[in-house]
Amino acid sequence: MKPNVVLYRKIPDDLLAKLQEQCQVTYFDGINADNRAAFIKALAEAEGVIGVGLQFSDELMAAAPKLKAVSTISVGYDDFNVAKLSARGIALMHTPGVLTETTADTIFTLVLCAARRITELAEKVKQGEWQGSIGPDWYGSNVHGKTIGILGMGRIGYAVAKRAHFGFGMNVIYYNRSAKPEAEQQLNARRCSLDELLADADFVCNVLPLMPETRHIINRDTLAKMKPSAFFINGGRGASVDEAALVEALKSGVIKGAGLDVFETEPLPVNSELLSLPNVVALPHIGSATHETRYEMSKMAVENLLAALKGDLTKHCVNPDILR
Ligand SMILES: NC(=O)C1=CN([C@@H]2O[C@H](COP(=O)(O)OP(=O)(O)OC[C@H]3O[C@@H](n4cnc5c(N)ncnc54)[C@H](OP(=O)(O)O)[C@@H]3O)[C@@H](O)[C@H]2O)C=CC1
Ligand SMILES: O=CC(=O)O
């Protein structure tokens, strides 16, 4: 008999067909207040779950007694409690690698847009405010030759640093749990303490995964250690930042500006103060959002789930130790 699978995110038709060849699929086009009860009901029979953008709470875990594998269509897996999944022998699969370069493109776009005030000035042009030669009040800051500080020199951090080093002649410093010899050899990157990075970087760029140690790692104290001319770029997770402290730092000139793809609450509430600040570039969590990359992520997530349901945890499994 085919295993029951609950899919809670739209995926391309050919990938849905592939999933349906081997599984009995119950599909939800995202979870909301209207369909949450039906989703919870469907979980009762589910051996597999696949989707993204949903906090997989204790309530949902309890509603899925037959669950064997969960496949998130993302590389970040902070929506899941890995320890609790592992304790129940449930495999957690994710999509590392396929989105690395696309996400690094987005993050570097934020570096450029924040420094050169691209969205702010483009809006002024559209509003008819370009009425003569522009003066210093419309100038931005250089990117080339400056120092970029990478928080989290993993796959994406390295890809951002590569752009900075080879494309923009930037000096690369990084803060990471372990040393990264490849970055040091190939990009002349220097590992340093968090405090050192904050003091030296012109662009502090967060690509850390969200976990207890990284929650609010950017806060009032750490922001105060940055240069007043520096920019904060967030391509990791919103909750790594105390957003109220960031707003304060941006308003009071503690730092110069910010480029943000991720937020503590997503979608970003329309009344967020961040949206009223001219020195903020805000994107709707589009790090990996290209047609090509989102297809590859869905494909990998489907393959991951099918493999995991057959007991193969050799690829892209966050907790392969559950086998032992
Ligand atoms: N904006 C977007 O759309 C996207 C955001 N992301 C976010 O980016 C994150 C990173 O992705 P990716 O680069 O593929 O992941 P990786 O696992 O390759 O990189 C994470 C890096 O962070 C380091 N790290 C982890 N915890 C700590 C810590 N407590 N202190 C210091 N360093 C730490 C790791 O160090 P070590 O190597 O020593 O373990 C590793 O080098 C994802 O988890 C996700 O949250 C990802 C994709 C798209
Ligand atoms: O935020 C996106 C991810 O893949 O993680």
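The model is predicted, so local features need pLDDT of at least 70 and side-chain atom pairs count only at pLDDT 80 or more, while totals for chains, interfaces and linings use all residues. Residues are numbered from 1 along each chain as its sequence is written, and side-chain values use heavy atoms, without hydrogens and water.

**Ligand 1**

- Around ligand 1 there are 28 residues, of which Asn176, Arg177, Ser178, Lys180 and Asp261 come nearest; a residue is near if one of its heavy atoms lies within 4 Å.
- An N or O atom in the side chain of Arg177 is 2.7 Å from an oxygen atom of ligand 1.
- A nitrogen atom of ligand 1 lies 2.9 Å from a polar side-chain atom of Asp261.
- Of the 930 Å² of accessible area that ligand 1 has on its own, the protein covers 87% (Shrake-Rupley method, 1.4 Å probe).

**Salt bridges**

- The count comes to 17 salt bridges, each a side-chain nitrogen of Lys or Arg within 4 Å of a carboxyl oxygen of Asp or Glu.
- Lys251 pairs with Glu273, their closest N and O atoms being 2.5 Å apart.
- Because Lys251 lies in helix α11 (residues 243-252) and Glu273 in the loop between β11 (257-260) and β12 (280-282), the pair ties together parts that are 22 residues apart in sequence; helices (H or I, at least four residues) and strands (E, at least two) are DSSP runs, numbered from the N terminus.
- Lys251 is partly exposed at 45% relative accessibility, and Glu273 is partly exposed at 38%; the term lies between buried (under 20% relative accessible area) and exposed (over 50%), with a 1.4 Å probe and protein chains only.

Note on methods. Chains lettered and ligands numbered in written order. Polar contact = N/O pair within 3.5 Å; in protein donor to acceptor, adjacent residues only side chain to side chain.
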